[in-house]
Amino acid sequence: MKISDSPMNASDYIALFRARIAGLKTEGRYRSFAELERPAGHFPRARWHTAQGVREVVIWCSNDYLGMGHHDVVRNAMRAAIDAGSTGAGGTRNIAGTHHLHVELERTLARLHGKDAALLFTSGYSANHTALSVLGRQLPNCVILSDAGNHNSMIEGIRRSDAQKIVFAHNNLAELEMHLRALPAEQPKIIAFESVYSMSGSISPIVEICALAKRYGAMTYLDEVHAVGMYGAHGGGVAEALGVANQIDIIQGTLGKAFGLGGGYIAAATEIVDCVRSFGNGFIFSTSLPPVIAAGALASVTHLMHSDEERIAQQGHAAYLKAQLQEVGIPYVHSPSHIVPVLVAGAARVKAVSDMLLNDHGIYVQPINYPTVPRGAERLRFTPGPKHTPELIDGLVKALVAVGLAKPAEEISATIQKNLQTV
């Protein structure tokens, strides 16, 4: 589009934005949101509102991994909190004060991870962004060693810290050690990594990373957002399951995935938490988590600290889905975690398959494309939970076969290309 030498006007700006959106649509990366309603007691079934009416669909990509957002213990706790007056927070904690439920939830999260203290944020993104920016900025001459697969919230937090950043290949211990060895022994260092990587399902070598951190004098910062509630005897994450939570300096987690609500947190030594609380703009200037959400999260965390029922059912269903995919020849990314990615390379292709599954089979699974994953690594990401019965899994696999994903690659391509004409 050619811009004249005259001053820009409103239509010029709109045209530029329109062109950007058109580019996304041409690439097949334009994101459309299905309007869903999730009736209580029916998860993972939902109502899909369309121009043609309302249809029932089955949700297969929710990060409410254990269905706790629908659990009676959570809903009852939130009702009680509302009746007691605990709805909105009224402002930041610095101005409006800290609600008793915030304190109780932070104490419980600290116990969950075996730490001295915890600090709540309005999202897991904000927790990562704020904590890493503060840690990197407050430690003089700090260098942060970041796994190449880290989430955008970690990447942006490290960037905001102005600390030196070194990126090492995903889960590559040899490369990590090479970088650590090259740094001065006295220089402050933080190794930032995740336990479960959400788009591949891979799990990091936490024990080995902790050993390297100790050998080279580095702090450890572990993002457990896709693992809290899911792993460990009390749902403390992979670090708890491996018995090394005490070797992690800062554990970051979310309340918006397996715990079923919303919000994020860090858990660490009192001094670390206090530093983030005192210097973190993302905490200082954000309205705090609504107390009614804190009440639901407190009930969810407490329940999962004492119940294995949901975790056992979820793990069984994930294993069953993987076995059924293997049986019919649908290629998926093998991983030890609960996340089951099925690769459908090409943004337009994965969007076409997603639309076919929704429109023809009542299966809701969003396409995952760039920038969430690299171009050419587009996928469907399935997250079977305790309520995804074997019957539902069988129906899913039959639908995947029907849309052509069990065929040889060239046949898959032909099937998708045919359906692209009507998508």
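Which backbone oxygen does the side chain of N150 reach at 2.9 Å? Keep that question in mind while setting up the view: this is a predicted model, in which local features need pLDDT of at least 70 and side-chain atom pairs count only at pLDDT 80 or more, while totals for chains, interfaces and linings use all residues. Residues are numbered from 1 along each chain as its sequence is written, and side-chain values use heavy atoms, with hydrogens and water left out.

**Stop one: N150**

Select N150, in the loop between β5 (143-147) and α6 (152-161); helices (H or I, at least four residues) and strands (E, at least two) are DSSP runs, numbered from the N terminus. The backbone oxygen in question belongs to A192, which the side chain of N150 reaches at 2.9 Å. Leaving aside residues up to four places away in sequence, N150 touches I155, A192, F193, E194 and Y197, where contact means heavy atoms within 4.5 Å. N150 counts as buried because its relative accessibility is 6%, the classes being buried under 20% relative accessible area, exposed over 50% and partly exposed in between (1.4 Å probe, protein chains only).

The C-alpha atom of S62 is separated by 8.6 Å from that of P44, 18 residues apart along the chain. Select P44 itself, in the loop between β1 (35-37) and β2 (45-50), and inspect the peptide bond from F43 to P44, which is cis with omega near 15°.

**Stop three: another cis bond**

Go to P371, in the loop between β13 (367-368) and β14 (379-382), where the peptide bond from Y370 to P371 is cis, with omega near 10°.

Now select N141, in the loop between α5 (124-138) and β5, whose phi is near 60°, a positive value in a residue other than glycine. N141 counts as exposed, at 60% relative accessibility. D162, in the loop between α6 and β6 (164-168), has a positive phi of about 65° although it is not a glycine, and D162 is exposed with a relative accessible area of 59%.

**Last stop: the cysteines**

With a disulfide taken as a pair of cysteine sulfur atoms within 2.5 Å, the count comes to zero. For C142 the nearest cysteine sulfur is that of C275, 12 Å away, and C142 counts as buried at 4% relative accessibility. For C210 the nearest cysteine sulfur is that of C142, 17 Å away, and C210 counts as buried at 4% relative accessibility.

How values were computed:
A polar contact is a pair of N or O atoms within 3.5 Å; within protein, one must be able to donate a hydrogen and the other to accept it, and residues adjacent in sequence count only if both atoms are side-chain atoms.
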